[in-house]
Amino acid sequence: MVKGYSDPAMEEKFQDRYFHTTDSNPEFLKDVEKLSRSIPHMCFQCGTCTGSCPSAPRSSYRIRKFVRRAVLGLEKEALTDPDLWLCTTCYSCTDRCPRDIAPTDVIMAMRNLAFKWDIVPRNFLKTIQLIYKTGHGVPNNDVNRAARLKLGLEAEPETTHKYPEYLPGIRKIMDHYHMKEIADRILSEGEH
Amino acid sequence: MHQYAFFLGCIAPNRYPGCEAAAIKTSEKLGIELLPLKGASCCPAPGAFGAVDLNVWYAMAARNIVLAEQMNKDIALICNGCYKSIYEVNERLKHDDELRDGVNEVLAEIDMEYKGSIDVYHLAEIYADKKVCGPDKIRESVVRPLDGTKVAVHYGCHLLKPIKERRFTDAENPMWMEELVAALGAEPVQYRNKMECCGAGGGVRGFDLAHSLDITNEKLTNINEAGADAITEVCPFCQLQFDRGQIEIGEKFGIEWHIPVLHYNELLGLAQGMSPQELALDLHAIDCKPFLDKIL
Ligand code: SF4
Ligand code: SF4
C-alpha cells in the first residue's frame, strides 16, 4: 500500500505539499557551503535564528526557512524569493545559532548565487556604478564641500576624491570580476 | 603620540564631515594622531558589495589595507560598516592562505601585494583600551561636562558581531561604551532590546525603505521610553538611519520623533569644548538644539 490518507479529498489537499526530489539540486548546498564558509547541513531547525531576527516580525522573511532550503537543495525557491534581500546582516542569528552555523553568511552566499542569475535589486547595482566612477558608494557633493571648508577640512577628503589617480587601480580590480559590465547590462535591461 | 592611518569610508567625509573633523581633533587631545590614508576608497560596503560577489569585496578591501601597510601604520576608523569590511577581511586574509593567494593574484594586476603586516581598530575600541587611552584619560580631557543629560548608546551590529570574529567578548549586553559616555559627564540610559539593529544594513535601506524604517522606529520607541535626550553611536550609517530616518518615518508613517543623534566623536567634541559649528551639527536632519541647550 502506498503511504497516504484514505480520505481522497484530504489526499488531494496535501498532494502538492509533499516534497518533490525533482525540485532539488544537491549542488546548491555545496555551493552555499563553499561561499558561506559555513555548515548549514548541521541545522536542526530550532528556530533560534528566526527568533533573533529583526526582519522576521515585520515580513514573511524567515531565515530558518532559507537554511532549510539550502539543506534540501531548493535552489530556485531560495534564489527567486524576494525575502532574500530583507536580511540586514545584523548577525544576531549567527551569534546565537546553537549549531554554530552562520545563517547570515548563508544568506550572503545565496545572494552571490542569485546575482549569477541576474537577480539583484537595483540599489546594489547603483552602488557598484558609483564606486566604479568615484571610488565611493556615497560620493561628495557641493553642500558637503562647502561644509567641509567651513570646518577647516579640504573640500575633498584624502580618498580617491582628492587622489583620482588611484581610480584606475580600483577599476581594474572591479573589471577583473566584470562587475561594472554586469551592473550596466542588468540596469540597461530594465527593472530587476 | 599613538599614530594610526585614518580610514575615512564614505558617509563620514561625504555626509557628516563633522565626524571626521571631530575624530581628528578629539583624538589629538588624547594622544592619538590620525594620519591621512591617501587614495582609500569605499571599504567597500559589506552589504552592497559582499552581497553580489564576495571575491570582489575581499579584493577591494585588501587594496585599502595595503595602502596602510605601505605606511606601516595600523588602521583606525570610525564606521561599523568599514570595520566589518576592513577588520574582517584583514583577519581572514591573515589566516587563510588560499584566500590570500587569490586576492594577491588580483592585486598583482595593479602592482600591489597584501602582506598582513598591520592591524585594524575601531577608534571607539582604541578609546576604551586602557593601554592606549581608556575612560579616565577621556574624563581628563573634558572641559564642558555633559552633566544632566541622558544618552542612549547604540553600538551597531558590525562593531561586535559576529562575536567569534571580533576582539570583543560580549555582544548581548556590553557596557564599555556606556563607560565612555559616563566619562563625558552624561548619564547613559539602558533601554529595551538595546542590541537591536538600526535597520539600515545589508542593502535593506535601499531595497525596502519602509521595512528598514520600521525597525528604526521600534528602536526609537524603546529609546524614547527610557527618556534619552540623545542617541550616540559609532557608525555614520547608523547615524544616517536614525537621523534622516526620523524625518522619513514622519513622512511615511506620520510618527514624529525629535531625538538628536550624535556620533560619539561629536559628543566627545562637545565635551572637549568644541562648538556646534566646529562639528557641523547644522548638517544633521534632526535639530540638536534641545540637547545643546542642556549643556551650553
Ligand atoms: S539557529 Fe541554527 S540550528 Fe537553529 S534553525 Fe537557525 S540555523 Fe538552524
Ligand atoms: S543577520 Fe539577517 S537573518 Fe540573521 S537575524 Fe539579522 S537580519 Fe535576521
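Which domains does the domain assignment give for chain B? Chain B has domain 1 (2-123) and domain 2 (143-295), with bounds that come from an automatic or database domain assignment. This is a predicted model, where local features need pLDDT of at least 70, side-chain atom pairs count only at pLDDT 80 or more, and totals for chains, interfaces and linings use all residues. Residues are numbered from 1 along each chain as its sequence is written, chains are lettered from A and ligands numbered from 1 in the order in which they are written, and side-chain values use heavy atoms, leaving out hydrogens and water.

Let us stay with chain B for a moment. The C-alpha centres of its domain 1 and domain 2 are 24 Å apart. In domain 1 of chain B, 29 residues touch 32 residues of domain 2, contact meaning heavy atoms within 4.5 Å.

Helix α8 (residues 122-134) of chain A packs against helix α11 (residues 179-189) of chain A at about 135°, their axes 9 Å apart. α8(A) and α11(A) are therefore oblique to each other. On the side of α8(A), the residues in contact include A:Leu125, A:Ile128 and A:Tyr132, and α11(A) brings, among others, A:Met179, A:Ala183 and A:Leu187. The residues of this contact comprise seven nonpolar, one polar and four charged.

Technical notes: Axes are lines fitted to C-alpha atoms, for helices over the stretch in contact, and angles run from 0 to 180 degrees between N-to-C directions. Helices (H or I, at least four residues) and strands (E, at least two) are DSSP runs, numbered from the N terminus. Angles under 35 degrees count as roughly parallel, over 145 as roughly antiparallel, 65 to 115 as roughly perpendicular and the rest as oblique. Ala, Val, Leu, Ile, Met, Phe, Trp, Tyr, Cys and Pro count as nonpolar, Asp, Glu, Lys and Arg as charged, and the others, Gly among them, as polar.
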